[in-house]
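Here are my notes for you on this one. Have a look at the picture first, then go through the points with it open.

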Amino acid sequence: MTAEQSTDALLQVEDLSVAFGRRAGRPGQQVLHGVSLQARAGEILGVIGETGSGKTTLARSVVGLSPVTGGRILVDGAEVTGLRGRALREFRRSGAVQYLFQDPLRSLDPDLTVRELIGEPLAVAAGRAGREERADRVLGALQQVGLDAALADRLPGQLSGGQRQRVAIARAVVTRPRLLLADEPVSALDASNRNHVLRLFDRLRTELDLAVVVISHDLSSLAGIADRIAVLYRGRLVEQGPTTEVLSQPLHPYTALLTASAPSVRREHDLHPAQLRAGLPRPAWTLAQPAEGCGFAARCRFAEEACRAQPSLQPRVGSREVACHHADDWRAGLTKTEPMLTR
Amino acid sequence: MRTLRNTLRVPVARGALAVLLLVALLAVFGGQLAPQDPLAQDTAHVLQGPSGAHLLGTDYLGRDVLSRLLSGTGLSVAGALEAVGAALVLGIVPGLASLWLGRVFEWTALRAVDALMALPFTLFAIAAVGVLGNGLHQAMLALGVLLAPLFFRVTRAAALGLRQVPYVEAAELMGASRSWVLRRHIWSKVLPTVAVTTAQALATSLLTVTSLTFLGLGVQPPAPTWGGMLASDLGFLAQQPWAPVLPGVLIMLTVGALHLLADALRDGGAADAVRPVRAAATAPVREEKADAAVAA
């Protein structure tokens, strides 16, 4: 991966803000605050964050399903944020961007066969492929995701969870997309299926030169396949950078807490969750509603007066970015008295 | 299509379809099949039981009951079909549109339907006939308008939950048009409910012809209909207690067949889920191989 901020990024999200429910004069609930990130062709970008941090909203705004209130999104150099009506439909029919829903069972019509489901994106964009070519591409997509062609006449209800997820992936790749957004693709799968699906992403991005954005709340499932990781906390990007560096040397206390809490992530630093948890009592301002300053302050052991100002995302060596006033000095504040349970 | 094919696999559905086909034939050719003139009166032989001359007897004006039943099929069925057809169009289209055409249309349509449901049927029919003039078409159209809320509600209820379903959203993400989503994803879910409701509404309409004829609306005497015969026969129960049974049996057969067909249609949609996959025994092995190939 090149270190410089390349402009040939397939997905470029710039200062994206999203707010919901701006209705009847009430101010909307802001879900994303100025998030910027990018993904290049052939790269897997992992987006991690806890429930409600805005991961899904981020992916949905790329395909035009979230009300974007600020910033812009570029796919392959073309802005997609302002697309409406016919232009939006044409963009969607091109199949350049595919969104993989969280729940494969509910995102596949129970009345259609696997063949019909996978062929649907091609059939919708009629004229882009003839009937025979469509049939060929459906079979090709099935093969690509490692499903037997004999499954083509089954209904989603007759498939296992892992097979369903692969049918959903086959439907996404049948249009030969440039960008694939996968929302929690493995959270509903058992360990072996999870590995299959993750390895499938790894294979597809080299075969199709795809940019893949994988959204997950589970650090360990991302650790193995993502080239870069972006960490979201309460709608703000708190840290991003190459996976190995982010996981081994987290710059943000929240990332550190995540890596320390994940049992299966191999890490060189010896951080224990207890060392990072905030002590009591908390400074009163961190509990104020609406929240002011750094969003993580209420849970951060190292929060102090300077954190009342919202930290901006600062570049660091190795194409890393972090949004923390104490990114460089919080480690010095670690107490060594906590017992090391890992030893 | 799959639902229809599954439906035809059910023996009951085939039987019901045969009955309906017979009714359809009677509706078209009933007039020609009638052994006598259904309107010819014979005041010397009124209210007679079955005999060689009149296989099913005669009514209170001495008209041949069998001929009247046969030639009345067309009007009865056509009337019911017309009413339900109007109700289907007036109910289903706004029902689906209320979900996709925005809040203003939705609110207006819902209030219009509430108003229609609150109208007393007889009053509305009399008013409609008063405005449009008396005749079968006018009366059936009025009936259709009054049945439309039923279809509106049923369609809307069936489609309401589907608007936010991820597979509909997924189709929109593929750039599918509204009509594609409706045809491909919504219609197959709404159809079974609509089919059952249609059978029920057809049955109601067949019987409603009776009450309309009673009021002197719709089909005018002496033209025969099943409902009209039922109504006039009821006046002579003391003389011929079995007479209403004849049109009654025909109505019952038709309605029963419709209901069975609708049930089969509904089950046909669900049959996919329970139907075992062909060659299920060999399939898993191949799937595992496929999995192994991916892992390699």
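1. Let's start with a term: rings of Phe, Tyr and Trp (its six-membered ring) pair if their centres lie within 6.5 Å, and planes under 30 degrees apart count as stacked, over 60 as edge-to-face and the rest as tilted. With that in hand, look at A:Tyr233, A:Tyr254 and A:Phe296, which form one aromatic cluster.

2. Some housekeeping. This is a predicted model, where local features need pLDDT of at least 70 and side-chain atom pairs count only at pLDDT 80 or more, while totals for chains, interfaces and linings use all residues. Residues are numbered from 1 along each chain as its sequence is written, chains are lettered from A and ligands numbered from 1 in the order in which they are written, and side-chain values use heavy atoms, with hydrogens and water left out.

3. Now the chains. Chain A has 11 helices and 12 strands, while chain B has 11 helices and 0 strands. Helices (H or I, at least four residues) and strands (E, at least two) are DSSP runs, numbered from the N terminus.

4. How much is tucked away? Buried means under 20% relative accessible area, exposed over 50%, and partly exposed in between (1.4 Å probe, protein chains only). Buried residues make up 54% of the 343 residues in chain A, and 46% of the 296 residues in chain B. In chain A, have a look at helix H4 (residues 114-124), which is mostly covered, with 9 of its 11 residues buried. Among those buried residues are A:Leu117, A:Ile118 and A:Glu120.

5. On to surfaces (Shrake-Rupley method with a 1.4 Å probe; for residues, only the protein chains shown count as cover). Chain A has an accessible surface of about 15,200 Å², with 49% belonging to carbon and sulfur atoms. For chain B the surface comes to about 14,400 Å², and 70% belongs to carbon and sulfur atoms.

6. Back to rings: a search of the whole structure finds 6 aromatic pairs over all chains. One of them is A:Tyr99 with A:Phe101, edge-to-face at 4.9 Å centre to centre and 85° between the planes. A:Tyr99 is buried at 7% relative accessible area, and A:Phe101 is buried too, at 9%.

7. Then there's B:Tyr60 with B:Phe236, a stacked pair at 4.8 Å centre to centre and 15° between the planes. Why does this pair tie together parts that are 176 residues apart in sequence? It does so because B:Tyr60 lies in the loop between helix H2 (11-33) and H3 of chain B, and B:Phe236 in the loop between helix H9 (226-233) and helix H10 (245-274). B:Tyr60 counts as partly exposed at 31%, and so does B:Phe236 at 24%.

8. Which residues does B:Leu99 touch, not counting those up to four places away in sequence? They are B:Arg156, B:Ala159, B:Leu160 and B:Arg163, where contact means heavy atoms within 4.5 Å. B:Leu99 lies in helix H3 (residues 65-100) of chain B and is buried, with a relative accessible area of 3%.

9. Last one: B:Arg111 lies over the face of B:Trp107, at 5.4 Å from the ring centre. A charge sits over a ring if NZ of Lys or CZ of Arg is within 6 Å of the ring centre and within 35 degrees of the ring normal.
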